[in-house]
Amino acid sequence: MCLAIPLKLIDISGNTATGEALGMTREIRVDFIPEPKVGDYVMVHAGFAIERLGEEQALEDLTAWEEVRDAL
């Protein structure tokens with residue numbers, strides 16, 4: 001099973017970015033995202049941003065992740 005999580009881009013340097021969500025930050029690659037911008041939400045899998053998300057969808061997904069975390 002593959003899991004991906006939405007992160008908000010808070011810093012970009014070349015093809016590397018810092019993403020933030022749920023109180024964590026991660027360094028990720030943005031090679032597959034055309035013209036990434038700070039503030040974009042992206043779906044991240046295995047350290048790579050694989051898809052740009054709208055803010056509404058990203059926040060819905062993060063709410064679902066919080067529900068899973070809280071259930072554990």
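I started with charged pairs and found that the side chains of D31 and R29 meet in a salt bridge, with 2.8 Å from N to O. The model is a predicted one, and I keep that in mind for every entry below.

I looked up how open this pair is. D31 is partly exposed, at a relative accessible area of 34%. R29 also counts as partly exposed, with 34% relative accessibility.

I then searched the whole structure for such contacts, and the search gives 3 salt bridges. Another of them joins D40 to R52, where the closest N and O atoms are 3.1 Å apart. This pair links distant parts of the chain: D40 sits in the loop between β3 and β4, R52 sits in strand β5, and 12 residues separate them. Is D40 buried or exposed? I noted D40 as buried because its relative accessible area is 15%, and buried means under 20%. R52 is partly exposed, with a relative accessible area of 36%.

I also recorded the salt bridge between D70 and R69, whose closest N and O atoms lie 3.5 Å apart. D70 counts as exposed at 58% relative accessibility, whereas R69, at 43%, counts as partly exposed.

I followed the chain from its first strand. β1 covers residues 5-13 and pairs with β2 in the antiparallel sense over 5 bridges. In this pairing K8 stands opposite E20 of β2. The two strands make a hairpin with 2 residues between them, and G14 in the turn has a positive phi of about 65°.

I found G19 opposite R26 of β3. β2 and β3 form a hairpin with 2 residues between them. L22 lies in the loop between these strands, and its phi is near 55°, a positive value in a residue other than glycine. L22 is partly exposed, with a relative accessible area of 31%.

I turned to the loop between β3 (24-29) and β4 (41-45), where F32 is found. F32 is exposed, with a relative accessible area of 56%. What does F32 form with F48 and I50? I noted a nonpolar patch on the surface, with about 300 Å² of accessible area for the three together.

K37 has its place in the loop between β3 and β4. I looked up its distance to A17: the two are 20 residues apart in sequence, and their C-alpha atoms are 9.6 Å apart in space. K37 is partly exposed, at a relative accessible area of 46%.

**Strands β4 and β5**

I found that β4 and strand β5 (residues 48-53) pair in the antiparallel sense over 5 bridges. F48, from the surface patch, is the bridge partner of H45 in β5. The hairpin of β4 and β5 has 2 residues between the strands.

A46 lies in the loop between β4 and β5. I noted its phi as near 55°, a positive value in a residue other than glycine. A46 counts as exposed, at 64% relative accessibility.

**Helix α1**

Last I looked at helix α1, residues 55-71. This helix has 17 residues and reaches 24 Å from its first C-alpha to its last, close to the 24 Å expected at 1.5 Å a residue.

Which residues of α1 are buried? I recorded A58, D61 and L62. They cover an arc of only 100° around the axis, so they are on the same side of α1. On the face turned away from that buried side I found the exposed residues E56, E67, D70 and A71. D70 is also the residue that forms the salt bridge with R69.

How values were computed
Residues numbered from 1 in each chain as written. Predicted model: local features only at pLDDT ≥ 70, side-chain atom pairs only at ≥ 80, totals over all residues. Heavy atoms only, no water. Patch = residues over 30% accessible without salt bridge, like charges linked within 9 Å, V, L, I, M, F, W, Y side chains within 5 Å. Areas by Shrake-Rupley, 256 points an atom, 1.4 Å probe, with all protein chains shown as cover. Salt bridge = Lys/Arg side-chain N within 4 Å of Asp/Glu carboxyl O. Helix = DSSP H or I, 4+ residues; strand = E, 2+ residues; numbered from the N terminus. Buried < 20%, exposed > 50% of the residue type's maximum accessible area, 1.4 Å probe, protein only. Pairing = 2+ DSSP bridges. Expected span 1.5 Å × (residues − 1). Arc of directions from axis to C-beta.
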